[in-house]
Amino acid sequence: MDLSKFSGKIWLDGELVPWGEAKVHVLTHTFHYGLGVFEGVRAYQTQDRGTCIFRLAEHTDRLFRSAKILQMDMPWDKDALSAAQREVVRVNGLEEGYIRPMCFLGSEGMGLRADNLKTHVMVAGWPWPSYMDPEARDRGIAVRTSSYTRHHVNITMCKAKANGNYINSILALREAIDSGCEEALMLDNEGYVAEGSGENFFMVRDGILYTPDLTSCLDGITRNAIFRIAADEGYEIREKRITRDEVYICDEAFFTGTAAEVVPIRVLDGRTIGAGCRGPITEILQRIYLETVRGQQTRYEGWLTPVTD
């Protein structure tokens, strides 16, 4: 999928620009140093309300929080960037798609001082039906514990969805794929489970859901949705430190994320998780989540923003 070959429009600094003309200079500061922030957002076709963006307000809020953490002055307000995301989906005729808003520092200067730089903003959207193999929703995926440690709170800003933070993720995922697995499980600097390369982690044991606390993990929007759905279904969720061997002997495990949605884990480090397939609680939460994003669960309809008024 060569994204440069797509057609359509990209929102760049307040204007809709033809896809092939949305360019920046090679001396763009973020291109060299990775100091930028972004979001991954999804739009789905719903049964009654047309195409809707899932949890648009929450994604936009997190984008602004990330920018504040990294001291990036935002030239647009939240309403403008939310409207830009809706406009990009609409103008490109996307019934379903992935949306990428990103804030980056320009070519007004170079160096680690990062001063006198302007914050630029882009929003693109394109069809992206599934991040994982669609069959992974049913059968689950094979995961390996990464040799790369997840970020520590005094090494980088873990609550910012920052461009440069994902070098760590890319290395971990490549390592997992090279070993024959589909995803990595990353540990924190003390050896406790943190998250996947781009997903939050949950496990189930004796009917209780467990997930790592957010000390060094991103505050996932899908994670938050699963908290709400699970509570509404009567499941208890506990945030705690989780060791790798606890995962080996759990009943079920799964990842959550905007791109991955809810994906079961069937194997970790060669150990079969539970029955080696999607577990019953995972299946319930996954089903409700997928119904929610397509407007089939009216109790969560407030999470959906139509792209047209």
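Visitor: Which residues in helix 6 meet which residues in helix 8?

Guide: From helix 6 come Thr-222, Ala-225, Ile-226, Ile-229 and Ala-230, and they meet Leu-285, Ile-288, Tyr-289 and Thr-292 in helix 8. Sorted by class, this contact has 7 nonpolar residues, 2 polar ones and no charged ones. Keep in mind that you're looking at a predicted model.

Visitor: Okay, so how do I read the geometry of such a pair?

Guide: Packed helices are described by two quantities, the angle between the axes and the distance between them. Here, helix 6 (residues 221-232) and helix 8 (residues 280-293) have axes that come within 10 Å and cross at roughly 115°. Helix 6 passes helix 8 in a right-handed crossing.

Visitor: And at what angle do the axes of helix 2 and helix 3 cross?

Guide: Roughly 125°, with the axes coming within 10 Å. Angles of 65 to 115 degrees count as roughly perpendicular and those over 145 as roughly antiparallel, so helix 2 and helix 3 are oblique to each other. Their crossing is right-handed.

Visitor: What residues make up that contact?

Guide: Helix 2 brings Leu-56, Thr-60, Asp-61, Leu-63 and Phe-64, while helix 3 brings Lys-78, Leu-81, Ser-82, Gln-85 and Arg-86. The class count for this contact is 4 nonpolar, 3 polar and 3 charged residues.

Visitor: Which side chain does Lys-78 meet in a salt bridge?

Guide: For a salt bridge, look for a Lys or Arg side-chain nitrogen within 4 Å of an Asp or Glu carboxyl oxygen. Lys-78 and Asp-61 pass that test, at 3.1 Å from N to O. Lys-78 sits in helix 3 (residues 78-91) and Asp-61 in helix 2 (residues 56-69), so this pair ties together parts 17 residues apart in sequence.

Visitor: Are those two side chains buried, exposed or partly exposed, and how do I tell?

Guide: Go by relative accessible area: under 20% is buried, over 50% is exposed, and partly exposed lies in between. Lys-78, at 37%, is partly exposed, and so is Asp-61, at 29%.

Visitor: How many salt bridges turn up in the whole structure?

Guide: The search finds 20. Among them is Glu-246 with Lys-240, at 3.0 Å from N to O. Glu-246 has 24% relative accessibility and counts as partly exposed; Lys-240, at 26%, is partly exposed too. Another one joins Arg-278 and Glu-283 at 3.5 Å, where Glu-283 is partly exposed at 40%. Salt bridges can also link up: Arg-42, Arg-137 and Glu-261 form a network.

Visitor: What about loops? Is Thr-258 buried or exposed?

Guide: Thr-258 is buried, with a relative accessible area of 16%. You'll find Thr-258 in the loop between strand 14 (252-257) and strand 15 (261-268). Setting aside neighbours within four places in sequence, Thr-258 is in contact with Gly-40, Val-41, Arg-42, Tyr-44, His-59 and Thr-222.

Visitor: One more: where is Asn-163, and what does Asn-163 touch?

Guide: Asn-163 is placed in the loop between strand 8 (141-145) and helix 5 (166-178). Not counting residues up to four places away in sequence, Asn-163 touches Thr-30, Gly-34, Gly-36, Val-37, Phe-38 and Met-102. For a C-alpha distance to check yourself, take Asn-163 and Asp-188: they are 25 residues apart along the chain, with 19 Å between their C-alpha atoms.

Key:
Residues numbered from 1 in each chain as written. Predicted model: local features only at pLDDT ≥ 70, side-chain atom pairs only at ≥ 80, totals over all residues. Heavy atoms only, no water. Helix = DSSP H or I, 4+ residues; strand = E, 2+ residues; numbered from the N terminus. Buried < 20%, exposed > 50% of the residue type's maximum accessible area, 1.4 Å probe, protein only. Axes fitted to C-alpha atoms, helices over the stretch in contact; angles between N-to-C directions. Left-handed = near helix turned anticlockwise from the far one by under 90°. Contact = heavy atoms within 4.5 Å. Nonpolar A, V, L, I, M, F, W, Y, C, P; charged D, E, K, R; others polar. Parallel < 35°, antiparallel > 145°, perpendicular 65-115°, else oblique.
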